[in-house]
Amino acid sequence: MVNLSGTKSEAQPFIHEHLKTERRHLAVFENEMPLFRGSFILPVWIASGFITGFIPRLCGINCFYYTIYRVEQFVDSHYEEQCKRISALAIPPSNVINRFRQCQADEQHHRDEALFLMTKRPSLLMKLWGAAVEKGSSIAVAIAKLI
């Protein structure tokens, strides 16, 4: 990855590790989850994810890491909600909660790593962006539940 000044990005190792983990999570859902049917609007989710990472990258590395932090905060909460719902089933599928917990731990690690890599406290603009990202994530989940 190249940053705007043309030098090698300091975020490149973080990005590659994050991508590798997310691909592993997708493989878990595609191959191991009962009743996983995928999403016909996956291209929209991919484009949204790209934009959610690209825009803050233009605003600087600190904004980029803050965005990752906020996204992973949301994802952690979403996994927790899903685990509670699955646990409440009369007979929860045995491997699902364990796999969700493994994915959740990865997301928590990404969240904590992004927070650690931030070099400055978030500005008001960054906080507003983070709130928008969280709201957008909530809307995406609501849409996914409908379709």
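Phe14, Phe64 and Tyr65 are linked into a cluster by ring pairs (ring centres of Phe, Tyr or the six-membered ring of Trp within 6.5 Å). This is a predicted model, in which local features need pLDDT of at least 70 and side-chain atom pairs count only at pLDDT 80 or more, while totals for chains, interfaces and linings use all residues. Residues are numbered from 1 along each chain as its sequence is written, and side-chain values use heavy atoms, with hydrogens and water left out.

**Aromatic rings**

- Arg57 lies over the face of Phe64, at 5.9 Å from the ring centre; a charge counts as over a ring if NZ of Lys or CZ of Arg is within 6 Å of the centre and within 35 degrees of the ring normal.
- The count of aromatic pairs comes to seven.
- Phe50 and Phe54 are a stacked pair, because their ring centres are 5.5 Å apart and their planes meet at 15 degrees (stacked means planes under 30 degrees apart, edge-to-face over 60, and tilted the rest).
- Both Phe50 and Phe54 sit in helix H2 (residues 42-59), where four residues, about one turn of the helix, separate them.
- Phe50 is exposed, with a relative accessible area of 56%, and Phe54 is partly exposed at 42% (buried is under 20% relative accessible area, exposed over 50%, and partly exposed in between, with a 1.4 Å probe and protein chains only).

**Overall fold**

- The chain has five helices and zero strands, running α-α-α-α-α from the N terminus on (helices are DSSP runs of H or I with at least four residues, strands are runs of E with at least two, and both are numbered from the N terminus).
- Of the 147 residues in the chain, 31% are buried.
- Among contacts with a separation of 6 or more, 78% are between residues 24 or more positions apart; a contact means heavy atoms within 4.5 Å.

**Nonpolar cores**

- The largest nonpolar core has 12 residues, including Phe14, Phe64, Tyr65, Tyr66 and Met118 (a core is a set of buried Ala, Val, Leu, Ile, Met, Phe, Trp, Tyr and Cys residues joined through side-chain atoms within 4.5 Å).
- Helix H3 (residues 61-87) gives the largest share of this core, seven residues.
- A second, separate core holds 10 residues, among them Phe29, Met33, Cys83 and Cys103.
- Leaving aside residues up to four places away in sequence, Tyr66 touches Met118, Pro122, Met126, Lys127 and Gly130.

**Salt bridges**

- There are seven salt bridges, each with a side-chain nitrogen of Lys or Arg within 4 Å of a carboxyl oxygen of Asp or Glu.
- Glu17 bridges to Lys20, with the closest N and O atoms 3.5 Å apart.
- Glu17 and Lys20 are three residues apart in helix H1 (residues 12-32), so about one helical turn separates them.
- Glu17 is partly exposed at 37% relative accessible area, and Lys20 is partly exposed at 48%.
- Arg24 forms a salt bridge with Asp106, where the closest N and O atoms are 3.1 Å apart.
- That pair links distant parts of the chain, with Arg24 in helix H1 and Asp106 in helix H4, 82 residues apart.
- Arg24 is partly exposed, with a relative accessible area of 41%, and Asp106 is partly exposed as well, at 21%.
- Arg111 and Asp112 form a salt bridge whose closest N and O atoms are 2.8 Å apart.
- Arg111 is buried, with a relative accessible area of 16%, whereas Asp112 counts as partly exposed at 39%.
- A network of salt bridges links Asp76, Arg111 and Asp112.

**Around Gln104**

- Gln104 is found in helix H4 (residues 94-117).
- Gln104 counts as buried because its relative accessible area is 4%.
- The side chains of Gln104 and Asp76 make a polar contact at 2.7 Å (a pair of N or O atoms within 3.5 Å; within protein, one must be able to donate a hydrogen and the other to accept it, and residues adjacent in sequence count only if both atoms are side-chain atoms).
- Not counting residues up to four places away in sequence, Gln104 touches Asp76, Tyr79 and Glu80.
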